[in-house]
Amino acid sequence: QVQLVESGGGLVQPGGSLRLSCAASGSILRIGTMSWYRQAPGKQRELVAAITSGGSPNYADSVKGRFTISRDNAKNIVYLQMNSLKPEDTAVYYCNANIVQLGLRRSDNWGQGTQVTVSS
């Protein structure tokens, strides 16, 4: 059994910053790509940023230059540093991880989501 738990969401003014964290726990052998997605009201869930096990990141065009994804492989944590936040960044942010569990079972795992609201 694997669990992803996000933290760090909240209310911030435009131009402000937040740092999201997502910790994976359970019967983990190794973790592949870890990602952050977001879903705004009435919109489809979209990929925000992803990072491979080797540390190679990629970003949605809408967040390039403002968001930074990183990971701590020793702690099984992925971070999303969000700077210069805009009202259009308001959404529920979800963590995703491709995990190989003990016994070599592969799973695609999601966190419960954390709300980010950018408003004055």
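**Figure 1. Ser-35 lies in strand E4, which spans residues 28-39.** Strands are DSSP runs of E with at least two residues, numbered from the N terminus. The model is predicted: local features need pLDDT of at least 70, side-chain atom pairs count only at pLDDT 80 or more, and totals for chains, interfaces and linings use all residues. Residues are numbered from 1 along each chain as its sequence is written, and side-chain values use heavy atoms, with hydrogens and water left out. Ser-35 counts as buried, at 5% relative accessibility (buried means under 20% relative accessible area, exposed over 50%, and partly exposed in between, with a 1.4 Å probe and protein chains only). Leaving aside neighbours within four places in sequence, the contacts of Ser-35 are Leu-47, Ala-49, Ala-50, Tyr-94, Cys-95 and Asn-96, where contact means heavy atoms within 4.5 Å.

Figure 2. Not counting residues up to four places away in sequence, Arg-38 touches Gln-44, Arg-45, Glu-46, Val-48, Ser-62, Val-63, Phe-67, Glu-88, Asp-89, Ala-91, Val-92 and Tyr-93. Arg-38 and Val-92 are 54 residues apart along the chain, and their C-alpha atoms are separated by 5.4 Å.

**Figure 3. Arg-38, Glu-46, Arg-66 and Asp-89 are linked in a network of salt bridges.** A salt bridge is a side-chain nitrogen of Lys or Arg within 4 Å of a carboxyl oxygen of Asp or Glu. Side chains of opposite charge can pair when their charged atoms come close. The structure holds four salt bridges. In one of them, Arg-38 pairs with Glu-46, and the closest N and O atoms are 2.7 Å apart. Glu-46 has a relative accessible area of 35% and is therefore partly exposed. Asp-89 and Arg-66 form another salt bridge, at 2.7 Å from N to O. This pair links distant parts of the chain, 23 residues apart: Asp-89 is in the loop between strand E8 (77-82) and strand E9 (91-101), and Arg-66 is in the loop between strand E6 (57-59) and strand E7 (67-72). Asp-89 is buried, with a relative accessible area of 1%, and Arg-66 also counts as buried, at 11%.

**Figure 4. The side chains of Asp-61 and Lys-64 meet in a salt bridge.** The N to O distance in this pair is 3.1 Å. Asp-61 lies in the loop between E6 and E7. With a relative accessible area of 66%, Asp-61 is exposed. Asp-61 and Asn-98 are 37 residues apart along the chain, and a distance of 23 Å separates their C-alpha atoms.

**Figure 5. Two arginines, Arg-19 and Arg-45, lie over aromatic rings.** A charge sits over a ring if NZ of Lys or CZ of Arg is within 6 Å of the ring centre and within 35 degrees of the ring normal. Arg-19 lies over the face of Tyr-79, at 4.0 Å from the ring centre. For Arg-45, the ring is that of Trp-110, and the distance to the ring centre is 4.7 Å.

**Figure 6. Leu-29, Leu-102 and Leu-104 make a nonpolar surface patch of about 310 Å².** Patches are made of residues with over 30% relative accessible area and no salt bridge; like charges are joined within 9 Å, and nonpolar side chains (Val, Leu, Ile, Met, Phe, Trp, Tyr) within 5 Å. Accessible areas come from the Shrake-Rupley method with a 1.4 Å probe, and for residues only the protein chains shown count as cover. Leu-104 is found in the loop between E9 and strand E10 (106-110). This leucine, Leu-104, is exposed, with a relative accessible area of 60%.

**Figure 7. Asn-76 and Ser-84 have positive phi values.** Most residues other than glycine have a negative phi, and most peptide bonds are trans. Phi of Asn-76 is near 60 degrees. Asn-76 lies in the loop between E7 and E8 and is partly exposed, with a relative accessible area of 23%. Ser-84, which is not a glycine, has a phi of about 50 degrees. Ser-84 is placed in the loop between E8 and E9 and counts as partly exposed, at 42% relative accessibility.

Technical notes: Helix = DSSP H or I, 4+ residues; strand = E, 2+ residues; numbered from the N terminus.
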